[in-house]
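Student: Please show me the model, and let us go through some of its side-chain pairs and surroundings.

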Amino acid sequence: MHLNPSTRYQVLLTINNALVNQTSREALFKALAQEISKIIAFDRFSINLYDESQSSLSYFATAEGITPEAIEGDSRPLAKGSIAKTVIRSKEPLVIPDLKKHTFWPSVQAMVDAGLNATMAFPLITRSNVLGSIHLSFRTPPDHMNELADFLKELSGQVAIAVDNMLAHSELTDLNRRLQLQKDFLLKQSENIYDPDNFFYVSTAMQNLMGQIQMISETDASVLLTGETGTGKDYIARFIHSLSPRQSGLFVKVNCPGLASTLFESELFGHAKGAFTGAHAKRVGRLEMAAGGTLFLDEIGDLPAPQQAKLLHVLQDKTFERVGDNRPIKADFRVIAATNIDMEQAIRDDTFREDLYYRLNTVSLHIPPLRERTDDIPLLLDRLTATESVTLNRPAPEFAPDAVDVLMAYTWPGNVRELKNLVKRLIILHPGKRLGPGIVQGMLQTEQTENDNASSFPSLAEMEKQHIEKALELSGGKVGGSGSAAQLLGIPRSTLQYRMKKHGVGNSVDKA
């Protein structure tokens, strides 16, 4: 077939159109073989991929036509593919009209033994990188072999691009499949921990709450969960997510008090490679991870004011930029926030932004404390004892009716979390025993004493305030100078004044 410039262009266009829609290696190779066979009657057609790190060759797809015995198999060392090795190393085409003159190469001898007498090979090069080689071999050398070689050299550039794109596509497909498997595994693990079927209640208060949850779960409205520590706000947040249309997305939890101010933006927004010292790779932030799912802001009331302003800006349009990058990223996520503080009082105290509060508080759900739903205690006790005994691998104790009465009369400052911890301790200390009110009461008194001791222990700020007041008392109210409170404390006068203001400590006479 004579290939003039017009014919060449038309053939290349036809081949390109045949390749662009293929979605697998085999389909791409078959389409290419079919199109080439329309203009060149080959007896063998193959594409080799070159692995530089392993110095090896492998087939891009199953070869078409005659297969010499010596070059069977999916992978082989580069040294055993003499023609491919020559083409890959030189980055130049190789045309051999008579293979019998090159039988000193073992692979060529195998081709001759299989009945192949001529071959053409071309490197596949993209961005100066050799991907491999393309080969056409013949029983009888075709007419106009040099002209065909010129055309195939031009075609090899087009094939190289198609092969490179297909390899990238295959790699991304495999990566996406692995990521999906990992995501499914993590979601399954999360569901096992927070299984809706393990959420036990019979009280009217909880039935009303769960009815509200059923109504809001199908919407994308932001939810603010309030309630004391240990009431299960985290569990409720995951429960809402599991019932929502976003259940196939990730549930991303952000522990607001645990976010250091220096890492706030990096944790939430992510950062670009090289954004700061130690940023050796790009990092995806929590907001981007939550795209298509739910962002849970736990203990939002404890978020410092500067971070509140940044968070409000992001929640308004759900657009942000990674640290060190100026490209805006848009993420579609639902927001659920939780707190154990009085948010309206925090707004009055000027410790929480009112505009952020209303942004989060589209729907508000209050989780009742355990003391307000005592009807749930017998059921929770029964189910928690059963599940925790399996987890701890110990026989479950039995609770006498009057022991249950003691539990129902208790105030439960730690709520369900405290009940769960009590059950664990009873299983460990009294496995398989029948527990009367005495044992249960004794355990509760122990916990109450521990809680009272913890609550009565002064904080560091309280201790500092008391220390300053004592120093001022001993110095007669003298802040600075000889014999002053600052001298007693061993700190500069300006530092003492700052800390006095911080703790609200005043003095009627500020003596120098």
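Student: The side chains of lysine 310 and which residue meet in a salt bridge?

Tutor: This is a predicted model, in which local features need pLDDT of at least 70 and side-chain atom pairs count only at pLDDT 80 or more, while totals for chains, interfaces and linings use all residues. Residues are numbered from 1 along each chain as its sequence is written, and side-chain values use heavy atoms, with hydrogens and water left out. A salt bridge is a side-chain nitrogen of Lys or Arg within 4 Å of a carboxyl oxygen of Asp or Glu. At 2.9 Å, N to O, the partner of lysine 310 is glutamate 265.

Student: How many residues apart are lysine 310 and glutamate 265?

Tutor: Helices (H or I, at least four residues) and strands (E, at least two) are DSSP runs, numbered from the N terminus. Lysine 310 is in helix α10 (residues 305–317) and glutamate 265 in helix α8 (residues 264–269). The pair links distant parts of the chain, and the separation is 45 residues.

Student: Is glutamate 267 buried or exposed?

Tutor: Buried means under 20% relative accessible area, exposed over 50%, and partly exposed in between (1.4 Å probe, protein chains only). The relative accessible area of glutamate 267 is 14%, so this residue is buried.

Student: Which helix holds arginine 286, the salt-bridge partner of glutamate 267?

Tutor: The side chains of glutamate 267 and arginine 286 meet at 3.1 Å, N to O. Because glutamate 267 lies in helix α8, the pair ties together parts that are 19 residues apart in sequence. Arginine 286 is in helix α9 (residues 286–289).

Student: Which strands do lysine 253 and aspartate 298 lie in?

Tutor: Their side chains form a salt bridge at 3.7 Å, N to O. The pair ties together parts 45 residues apart in sequence, because lysine 253 is in strand β9 (residues 251–255) and aspartate 298 in strand β12 (residues 294–298).

Student: Which residues is threonine 226 in contact with, leaving aside its neighbours within four places in sequence?

Tutor: Threonine 226 lies in strand β8 (residues 223–226) and is buried at 16% relative accessible area. Contact means heavy atoms within 4.5 Å. The residues are Lys233, Thr339, Leu365, His366 and Ile367.
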